[in-house]
Amino acid sequence: MVNLKINGREVEVPEGTTILEAAKKLNIKIPTLCHLDLHDIKFVNQSSSCRICVVEVEGKKNLQTACSTAVSEGMNIRTDSRRAVKARRTVLELLLSNHPKDCLVCAKNHDCELQKLSADLGIREVRYEGEMNDFPIDNSSLSIVRDPNKCILCKRCETMCNNVQTVHALSEIGRGFDTVIGTAFNLPMHESNCTFCGQCIAVCPTGALTEVNKISKVWKEINSDKVVVVQTAPAIRVALGEEFGMEPGTQVTGKMVSALKLLGFDKVYDTDFAADLTIMEEATELMHRLKHGGRLPILTSCCPGWVKFIEHNFQDMLDIPSTCKSPHEMFGTLAKTYLAEKMGHKPEDIIVVSVMPCVAKKYEAARPELGLGGTKAVDYVLTTRELAIMIKESGIDFANLQDEEFDNPLGESSGASVIFGATGGVIEAALRTAYEFMTGETLEDVEFHSLRGMDGIKEASVTINGEKINIAVCHGLGNARSILEKIQRGEANYHAIEIMACPGGCIGGGGQPYHHGDMSILKKRMQGIYNEDRGKAIRKSHENPMIKKIYEEYIGEPYGEKAHELLHTRYIPRKKM
Amino acid sequence: MEFKFDKEKNKENIEKFKKTVQTYKDTKGALIPVLQGAQEIFGYLPVEILQLISVELNIPISEIYGVATFYSQFSFIPKGENIISVCLGTACYVKGGQEILEEFENQLGIKAGDTTEDMKFSITSTRCVGDCSMAPVVLVNDDVYPRLKKDKVKEIILKYGGVAK
């Protein structure tokens, strides 16, 4: 243990503790900007590049960065001296001197850490005037907008992209004032190996990385003659409330449906319905592979970021993910076939909007092989954040809305589909169905707790018909990479693996309300998901009456010919670069 | 402007470079010496060679690009047959080195750091070449042009088989 003094108060902390952590123990707040420590997902950004957290240490000539300086015995620190406070103001003013001042119309307005810091430090003028960067904005991709002019070079995105996700799309390029965080050869994001998981957006402190905004396009469709249907992903119903001051994890499903109806969507459906459908197909596919000696393990394929990751990095393994389309694509396909027929509309007269916790879904919706002969299965994808803006823009008092029910036939869902939103949920849902399909028995305890929680890689074995089925769950692409390499080396003996690109699964998606580094928010959302599951009368996908009906009326057999045509897809090898 | 890297023409060089990579492969901090080797053999860093380095050293291409753009010793543009180095050291600068550089740029239609489309000339600005009494100084390959006047620039370009404006 190390004893030291901060602002005249004594504190004892373990060796290796930083000044920042020691100060936190005394409830002394040192402002930070580049620093971000998300232990739970193995994300630690300690680049000490912004210099905002400087403090005075007795005996040291220069100010020290609190975020990266370890404490030592007898240290005497002042975080509140005039010198330290003035230095912080200078540092901030210098950062602001090369930062656009268009906060009022910036996508990060009210969610920007630089803006908040400027407010907290009471900056009223920027005394420094000089050259400003004028980099081109990269809006080539369908998911992420990169505006290097708003970048403060904190490297959080780089840490996320390289250390946590191991995607390696982003790197620090150039030198000095001309430094920019960008892609290899300054390629447009769309041509790079970016998976569009959007985790860079989730940690960016400023407006340098934001989602591609489709709000005005969706408004235009709502006000057109077309039939505009909307579907909502499992994970948004436990996060949307945060945008309206509610506790993270609050279940706002009913209010969300009401709000969507008020916004003017013609029909409000649930992606959860399609998640149940995914389970029917995926569980049957697993059984098919087990029975016919197909390639194992089977990997889930709901996550478009993860799919693009395997296409870039493991081209020799493209036959192991399930061929199932992701739930919202299954929904889009059925909306423009089954539903169109039922409603008596031409497919091109129906517009499908998905509200997703994800920015990769924006890119996925444009994948040509998921199209339906000239029209897209899903026309527009909005993030949870974009939906919140539409609700606010319309003046809807969200917190006081009455609950409403989803429309049918594509609105009914089981508890199994709800848990898709949290890491481990897809495989748990698949097990609930596969167990009963394979044994013909009823599964009494439907909760598989070993598959839940924030551990990066989770493993479990389930005995079905005397056969041991080995399951793995991983979230975060770095964990996915390590498990895929294990398979490549022939060291893994799994039958089925669930992979989600974002830490925590979809509840931690790149399109969710900003967590600002508070990981307890993800855990609360996760709890919300499991509470919603527990509250459902039907908790197994195959027991959803609407699912039974659609197979009888339209699709035929799960994993059958028509199912293949409508609900399955293929994967495309992409450049590793 | 895009310069195409001819793999067929560079076959021997690529083999030579692969040996350089092998020399450093298992040492810590291999990237910089390998990049220097590539720059020496090919005169610049072709995309194809950076991709090869990425595979051989198992370093992501984005990281390699980041390192290569940090140091001014690395170039992504091939060097021309003749390299014009205009000294911008203090003495040469005071004596009008900048104007000389601009004249070369105007005459050849490229900026310092670039290469002409016909691959005949590259222009670079250099720091002091140690010939201050002769300022302003220009080097073309190993030939020294002391006390150079702006109106002589065209003549020099023609001498090396170039086309001036």
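1. A residue counts as buried here if 20 or more other C-beta atoms lie within 10 Å of its own. On that basis, buried residues make up 51% of the 577 residues in chain A. Please keep in mind as you read on that this is a predicted model.

2. On to the overall build. Chain A contains 18 helices and 19 strands. Its radius of gyration is 25 Å, close to the 25 Å that the globule rule gives for 577 residues, so chain A is as compact as a globular protein of that length. Taken along the principal axes, the box filled by the C-alpha atoms of chain A is roughly 80 × 55 × 50 Å.

3. A word on contacts along the sequence. Of the contacts in chain A with a separation of 6 or more, 74% are between residues 24 or more positions apart.

4. Which residues meet where α9(A) and α15(A) are in contact? From α9(A) come Trp306(A), Phe309(A) and Asn313(A), and from α15(A) come Leu477(A), Ala480(A) and Arg481(A). The residues of this contact divide into 4 nonpolar, 1 polar and 1 charged. Asn313(A) belongs to the α9(A) side, while Arg481(A) belongs to the α15(A) side.

Notes: Residues numbered from 1 in each chain as written. Chains lettered and ligands numbered in written order. Predicted model: local features only at pLDDT ≥ 70, side-chain atom pairs only at ≥ 80, totals over all residues. Contact = placed C-beta atoms within 7 Å. Helix = DSSP H or I, 4+ residues; strand = E, 2+ residues; numbered from the N terminus. Nonpolar A, V, L, I, M, F, W, Y, C, P; charged D, E, K, R; others polar. Rg over C-alpha atoms; globule rule 2.2 N^0.38 Å. Buried ≥ 20, exposed ≤ 12 C-beta atoms within 10 Å, placed from the backbone.
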